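Reader: Could you walk me through a structure, one feature at a time? I would like to start with holes inside a protein.

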Amino acid sequence: MTSFDTSPHVSVWRALLALAVVLVLLATTGWTAVRGHGGGTTALRASVSAWKHGSLHGHRLPDPDAAPDQLARFFDSLGARDRALLARRYALAVGNMNGAPVALRYRANRIALARARAAERKRVHDRRLTAAGHQDAARRAQRFGELMAPDRHILAFDPAGSGRVAEVFGDLTTARRISVVVPGVDTDLFTFRNSSRPYTALYGMARSLYRAEREAAPRTRTAVIAWADYTAPSGLGVDAATAMRAEEGAVRLNKLLRALPGRASVALFCHSYGSVVCGVAAPGLPHRVTDLAVAASPGMRVSNASQLRTGAHVWAMRDATDWIRDVPYLELGGLGHGADPVSPGFGARVLAARKAEGHAGYFEPGTDSLANFAEIGVGAYASVRCARNNDGCRADLSGTTTAGRA
């Protein structure tokens with residue numbers, strides 16, 4: 001007797017279901033999601049344009065899109081006073097410039113945040129705005145102010161529209177292991193932090209991972225980047241069903257990774273649609289990226305892990321209560337994201353995710369998912385817990401270490 005789950009008719013029905021879902025999304029939320037990202041990045045572009053036409057002591061400034069090592073050499077040639085001058089004069093450009101010193105980016109982004117907050121405070125009292133406009137301005141001013149707190153380290157910032165931001169936990173310049181958390185849909189500057197459900201928002205996810213890594217390996221210098229520096233899809237519309245946002249995000253992600261200071265190993269932790277971004281980025285990942293771990297993935301735009309064309313270890317996990325398991329895993333005419341990363345045929349190292357309830361619980365303290373992420377982040381492969389009650393996910397790993405290493 002053929003079970004319903006393995007019947008060839010099921011694949012047909014799932015394909016038809018997927019098409020029906022896509023048609024509904026296109027008819028309702030889809031096109032709204034596409035239009036919702038309009039507006040551009042006016043202030044950032046203006047700052048970059050000013051840099052391109054600017055000079056220092058009569059000499060033209062280097063191309064802001066030059067290779068990170070070239071820009072690093074330029075900044076290394078400057079004294080502290082000239083660096084500070086450039087940070088003030090071109091705050092947004094310097095704050096988002098891959099290759100600029102990390103501390104200078106923090107400083108420039110603090111200046112840019114202060115200016116953006118001042119502009120929003122002015123809008124609060126603008127009589128031409130509606131009550132809703134005043135409320136929005138007040139909300140934006142408050143969020144910019146929060147990001148300016150002394151203990152916040154903002155690596156990227158763009159105030160336009162729903163905004164972009166990247167924040168660092170730990171010391172990025174001295175870290176021996178760097179983790180980057182790549183989020184999914186509905187992530188922007190204003191959903192970046194959630195005080196009522198902290199571990200469902202990117203700030204809480206990254207902070208939780210940083211703490212778990214410190215606990216797993218107290219003597220290992222680690223840093224974690226909460227990376228919301230791409231335009232994520234808005235809702236479960238057509239953006240989320242295609243790779244359009246992932247393709248742009250993958251370019252931005254690889255630019256960040258190539259510009260990270262030092263020689264620390266890097267691990268990517270990609271949640272939900274973030275795993276689509278990481279899948280698209282995979283062939284271009286720098287060699288220092290040793291691990292690519294996905295959770296709650298709708299697919300990675302490939303049929304199996306080998307098609308990612310990366311030398312990084314590929315890990316995957318999904319809790320049994322996660323609704324993403326009911327999404328049809330296929331790709332048809334650019335819609336859908338391909339095979340299920342936790343399926344046996346995909347070829348990823350499948351990890352336990354016990355206690356990670358629902359779609360957003362993977363970074364909750366006390367879960368197998370967070371513990372596994374932390375062990376991967378510090379390189380303790382021997383300590384990860386496999387999903388299938390065996391050692392299969394740890395097989396043939398080189399450089400396996402043990403917890404508590406220096």
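Author: On a 1 Å grid over the protein atoms alone, a cavity is a set of points where a 1.4 Å probe fits but cannot get out. Grid points are joined across faces, edges and corners, and a volume is the space filled by probe spheres set on the points. This is a predicted model, where local features need pLDDT of at least 70, side-chain atom pairs count only at pLDDT 80 or more, and totals for chains, interfaces and linings use all residues. Residues are numbered from 1 along each chain as its sequence is written, and side-chain values use heavy atoms, leaving out hydrogens and water.

Reader: How many cavities of 30 Å³ or more are there?

Author: The count comes to one. The largest cavity has a volume of about 30 Å³, and its lining (residues with an atom within 4 Å of a point) consists of R143, E146, L147, R152, F192 and R193.

Reader: How do I read the sheet?

Author: Strands are DSSP runs of E, at least two residues long, numbered from the N terminus; two of them pair if DSSP finds at least two bridges between them. Here, eight strands form an open sheet in the order β3-β4-β6-β5-β7-β8-β9-β10, with mixed pairing.

Reader: Why is one side of β3 and of β10 left without a neighbour in the sheet?

Author: β3 (154–158) and β10 (349–350) stand at the edges, so each has a single partner strand.

Reader: In which sense do β5 and β6 pair?

Author: Strand β5 (residues 177–182) and strand β6 (residues 222–228) pair in the parallel sense, over five bridges. V180 stands opposite I225 in β6.

Notes
Helices (H or I, at least four residues) and strands (E, at least two) are DSSP runs, numbered from the N terminus. On a 1 Å grid over the protein atoms alone, a cavity is a set of points where a 1.4 Å probe fits but cannot get out, and a pocket is an open set with protein on both sides within 12 Å along at least five of seven lines; lining residues have an atom within 4 Å of a point.
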